[in-house]
Amino acid sequence: MARITLSKLRHSYYPNPSGPEDYALKEIDVTWKDGGAYALLGPSGCGKSTLLNIISGLLVPSEGQILFDDRDVTSLAPDQRNIAQVFQFPVIYDTMTVRQNLAFPLKNRGVDPARIEQRVAEIAAMLEVEDMLDTRASGLSPDNKQKISMGRGLVRDDVNVVMFDEPLTVIDPHLKWKLRSKLKELHQRVRATMIYVTHDQTEALTFADEVVVMQDGEVVQIGTPVELFERPQHTFVGHFIGSPGMNVLPCEMNGDRAIFHGHDVALEGPVTGQGGTIRLGVRPEHIDIQESGLPARVTKVSDVGRHFVVEAMVGDSAVKIVTEEHAPEQGTEVHLGFRPDKTRIYRDGWIATEARA
Ligand SMILES: Nc1ncnc2c1ncn2[C@@H]1O[C@H](COP(=O)(O)OP(=O)(O)OP(=O)(O)O)[C@@H](O)[C@H]1O
């Protein structure tokens with residue numbers, strides 16, 4: 001397995017790009033540790049496939065380098081990169097048995113038959129498919145086909161990286177969580193460098209040690225799931241991650257103080273920079289319903305199982321609050337408190353408060 005470095009990578013599908021809008025990938029600089037589990041997360045069109053194709057070698061980037069350990073692979077063809085890929089749709093041979101399918105990548109490379117048998121048995125045990133080893137693949141359900149496809153991606157232990165491209169797309173929703181946690185478990189056992197591409201925050205946050213969040217060809221934050229939740233670097237991350245996402249509210253600045261509908265709001269720390277469009281960002285989980293504070297009127301209460309989502313109006317701004325305690329009724333006048341250490345200013349989308357040490 002390998003450490004993967006993407007250095008000053010940019011890509012445009014146009015021959016003579018003139019501005020940032022001509023780049024499908026604006027600039028990415030990241031190092032992924034050998035044996036780590038990583039996710040690329042972003043909505044459709046943000047550049048995930050472009051980046052994946054650059055790593056796998058289907059696309060040569062307009063600028064920058066890709067290194068596997070210290071080896072520059074930027075212009076190597078896909079078959080010279082020694083990568084395993086699992087795609088959206090299962091890639092298996094219907095006429096072969098499950099055992100033959102799992103053995104295929106090894107047999108193809110002339111691995112010793114005894115080693116093949118041992119490795120297929122290990123992977124089949126991890127995937128819990130031992131009882132189907134002699135079944136013909138054509139008879140499998142779509143989720144079992146995708147499991148075998150994943151097994152084929154994991155069976156070789158000499159690859160630099162295993163890449164998953166939206167691998168749960170074809171899986172029934174009620175089976176998704178099973179495969180999601182299976183993949184995490186597989187990573188812990190196999191310890192291969194893995195990159196998981198998805199537009200689904202749950203898949204990314206369940207699987208990865210570190211997530212790269214992308215928007216419009218740009219990396220907006222790289223962080224652990226906890227970092228992305230606790231301190232979004234961009235309103236996009238705050239909104240895209242979390243359910244419901246971060247409240248992004250209009251506000252005014254008076255020196256270093258934020259004023260929201262005429263009320264002073266304490267922030268995590270000093271405000272940086274000047275000008276631009278200012279927003280106040282605070283997650284629903286970091287707002288308390290209390291005796292005093294910002295006056296608000298409750299407009300909706302949803303019981304979502306583990307907690308309530310309360311929607312309230314402060315002036316003409318809608319604010320969402322997550323509470324585990326008894327929720328107030330619709331129409332009630334309440335007071336809200338934004339937790340200062342979790343309340344931030346964003347300038348033109350980017351975080352503009354410093355955390356106090
Ligand atoms: N072959 C191409 N020629 C020109 N533009 C392209 C090409 N492929 C992708 N793009 C553009 O590059 C941008 C990034 O696309 P990309 O497919 O990498 O995003 P994505 O996040 O993988 O989206 P999806 O999940 O829908 O595939 C988009 O604006 C897309 O329209």
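Predicted model: local features only at pLDDT ≥ 70, side-chain atom pairs only at ≥ 80, totals over all residues.

User: What makes Leu-9 count as buried?

Analyst: A residue is called buried when 20 or more other C-beta atoms lie within 10 Å of its own. Leu-9 has 24 such atoms within 10 Å, and therefore it is buried. Leu-9 belongs to strand β1, which covers residues 4-11.

User: Which residues are in contact with Leu-9, leaving aside its neighbours within four places in sequence?

Analyst: With those neighbours left aside, Leu-9 is in contact with Leu-25, Glu-27, Ile-28, Ile-54, Pro-61 and Gly-64. Ile-28 is 19 residues from Leu-9 along the chain, yet the C-alpha atoms of the two are separated by 5.1 Å.

User: Why can the buried residues of α3 be said to line one face of the helix?

Analyst: The buried residues in α3 are Ile-116, Val-120, Ile-123, Ala-124 and Leu-127. Seen down the axis of α3, these buried residues fall within an arc of 100 degrees, and so they line one face. An α-helix has 3.6 residues a turn, so residues three or four places apart point the same way. On the other side of α3, Ala-114, Arg-115, Gln-118 and Ala-125 are exposed, while the cover over the buried residues of α3 includes α2 (98-107) and α4 (142-154). Just after α3, Glu-128 takes a positive phi of about 55 degrees.

User: What makes β15 and β21 a pair of strands?

Analyst: Two strands pair if at least two bridges are found between them. Strand β15 (residues 278-282) and strand β21 (residues 344-347) are joined by 4 bridges, so they qualify as a pair, and they run antiparallel. Ile-278 stands opposite Arg-347 in β21.

User: Why are β11 and β22 called edge strands?

Analyst: The open sheet has 4 strands in the order β11-β15-β21-β22, with antiparallel pairing. Strands β11 (247-250) and β22 (350-351) each pair on one side only, and they are the edge strands of this sheet.

User: How many residues of each class are in the shell around the ligand?

Analyst: The shell has 3 nonpolar, 7 polar and 1 charged residues. Among the residues surrounding the ligand are Tyr-13, Gly-42, Lys-48, Thr-50 and His-199.

Terms used:
Residues numbered from 1 in each chain as written. Helix = DSSP H or I, 4+ residues; strand = E, 2+ residues; numbered from the N terminus. Near = placed C-beta within 6 Å. Nonpolar A, V, L, I, M, F, W, Y, C, P; charged D, E, K, R; others polar. Buried ≥ 20, exposed ≤ 12 C-beta atoms within 10 Å, placed from the backbone. Arc of directions from axis to C-beta. Contact = placed C-beta atoms within 7 Å.
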